[in-house]
Amino acid sequence: VPKHQVSDSGEISSEFNNVNIGRIEDKMGCHGSSTCEINFEQAEGYLIGTEHKGLQHMFTFINTSRLGTAMQGVAAAELSFQNALAYTKERRAFRALNGTQEPDKVADPIIVHPDIRKMLLIQKAVAEGGRAMILESALLSDKMMAAERSGDKTTQDALDDTLGFRTPILKGFLTEVGQEAANFGIQLFGGHGFIKSNKQEQILRDVRVAAIWEGTTGIQALDLLGRKIFRRGANLKPIKEHCSRLRELSWGLMMNGSTPEVKAHARSLFYYALEWQALTYKIGMRAKSDKNAVGIASVDFLMYSGYVSLAEQWLKMEEAAAVALKEGDTSVEKDFFDAKMKTSSFVFAHLLPRCESLKTTMMTPAPAIMDIQSHQFSFDHSQ
């Protein structure tokens, strides 16, 4: 829909096309992006693409935007973590539960407290693990583009399918946990986090929209489970291939991991790779008699997929760090590798177990959600 009218011969007229800005939106966050309301009052527009195929055309370019939005979730986690980490090392309150850490000070820094450490570790795990998830998809995208340039259609299509499967997981999961990490950033500052001058609250306001635009988390979840796996996946090919690759990775590290911890974590990931595929089959069976089964399971299924994918990246980083320490790599400090291994242990002990509740809630019986009538949600308003 152009700003000026265009003649049949293609010449741009001086007449405006009656496209008007209704208002600049006053948003919760992202104030640097002046989004607006546009009114099309008898304006002329031109069809791009095929009639009634707009949504399909949109998906050819929206995946790039979805990966960009996933990066927004990771960026929010990283920035909030950086600010919170510095603050928790300086802010003093109470004494460590296992005994005073700095007796010459009026109190210990709050980073000694377990609850503070859990929040910081979640932020660190999301920021660094999420970055690895996006980087892996970026490398696949590069390979797909190289295949396209070389005319290798088979490889291009295979990589496109792989990216199509992973994209809703990255977008949906990383924006949700990015919000969680940003929210923890405020909590770690205490009351100071609620004050604008400390800038932690701005991170949460800015990232809140990430789980909404380019398709809400619910839409990403339906795209993953309903469209990518059940509708487009012949014999559930996407999930079968992905879980098979995960099991191959896990089995190799179960047998040949550099440390007992790597082997134990690989064993855990192998189990979840099996369960992930089994849960998909179970949802598919339920959906045969009730299509709502897909909608009931979809968001929990996406988050389950995200935690398993996050754990995969941390397992690979843990093994790489263990190898580097064993080989005496001096390119960075040993503490860097040690921190990677310890964070991976936290992921497998504290974050991956969230899948246990998700596998239960994704199987919520349909009547528990669908039986309540619309008018029964409230008897005070919205009647």
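## A nonpolar patch on the surface

Let's start on the outside of the protein, where Val1, Ile21, Ile24, Ile38 and Phe40 form a nonpolar patch with about 510 Å² of accessible area together. Keep in mind as you look around that this is a predicted model.

Which strands each supply at least two residues of the patch? They are β3, covering residues 19–24, and β4, covering residues 36–40. Ile21 counts as exposed because its relative accessible area is 52%, and exposed means over 50%.

## Helix α3, from end to end

Next, follow helix α3, which runs over residues 153–189. How far apart are its end C-alpha atoms? They are 52 Å apart. With 37 residues at 1.5 Å a residue, the helix should span 54 Å, so the two values agree.

There is a bend to look for on the way. At Arg166, α3 bends by about 30 degrees, and the proline Pro168 follows within four residues. After the helix comes Gly190, which has a positive phi, near 65 degrees.

## Cysteines without partners

How many disulfides does a search of the whole structure find? The search finds zero. Take Cys30, which is in no disulfide: the nearest cysteine sulfur belongs to Cys36 and is 15 Å away. Is Cys30 buried or exposed? Cys30 counts as buried, because its relative accessibility is 15% and the cut-off for buried is under 20%.

A disulfide needs the two sulfur atoms within 2.5 Å. Cys355 is buried too, with a relative accessible area of 0%.

## Two loop residues with positive phi

Most residues other than glycine have a negative phi. Asn18, however, is not a glycine and has a positive phi of about 55 degrees. You will find Asn18 in the loop between β2 (12–16) and β3. Asn18 is partly exposed, at 35% relative accessible area.

Where is Gln42 found? Look in the loop between β4 and α1, the helix of residues 54–90. Gln42 also has a positive phi, about 60 degrees, although it is not a glycine. With a relative accessible area of 79%, Gln42 is exposed.

Terms used: Residues are numbered from 1 along each chain as its sequence is written. This is a predicted model: local features need pLDDT of at least 70, side-chain atom pairs count only at pLDDT 80 or more; totals for chains, interfaces and linings use all residues. Side-chain values use heavy atoms; hydrogens and water are left out. Patches are made of residues with over 30% relative accessible area and no salt bridge: like charges are joined within 9 Å, nonpolar side chains (Val, Leu, Ile, Met, Phe, Trp, Tyr) within 5 Å. Accessible areas come from the Shrake-Rupley method with a 1.4 Å probe; for residues, only the protein chains shown count as cover. A salt bridge is a side-chain nitrogen of Lys or Arg within 4 Å of a carboxyl oxygen of Asp or Glu. Buried means under 20% relative accessible area, exposed over 50%, partly exposed in between (1.4 Å probe, protein chains only). The expected span of a helix is 1.5 Å times one less than its number of residues. The bend at a residue is the angle between axes fitted to the seven residues ending there and the seven starting there.
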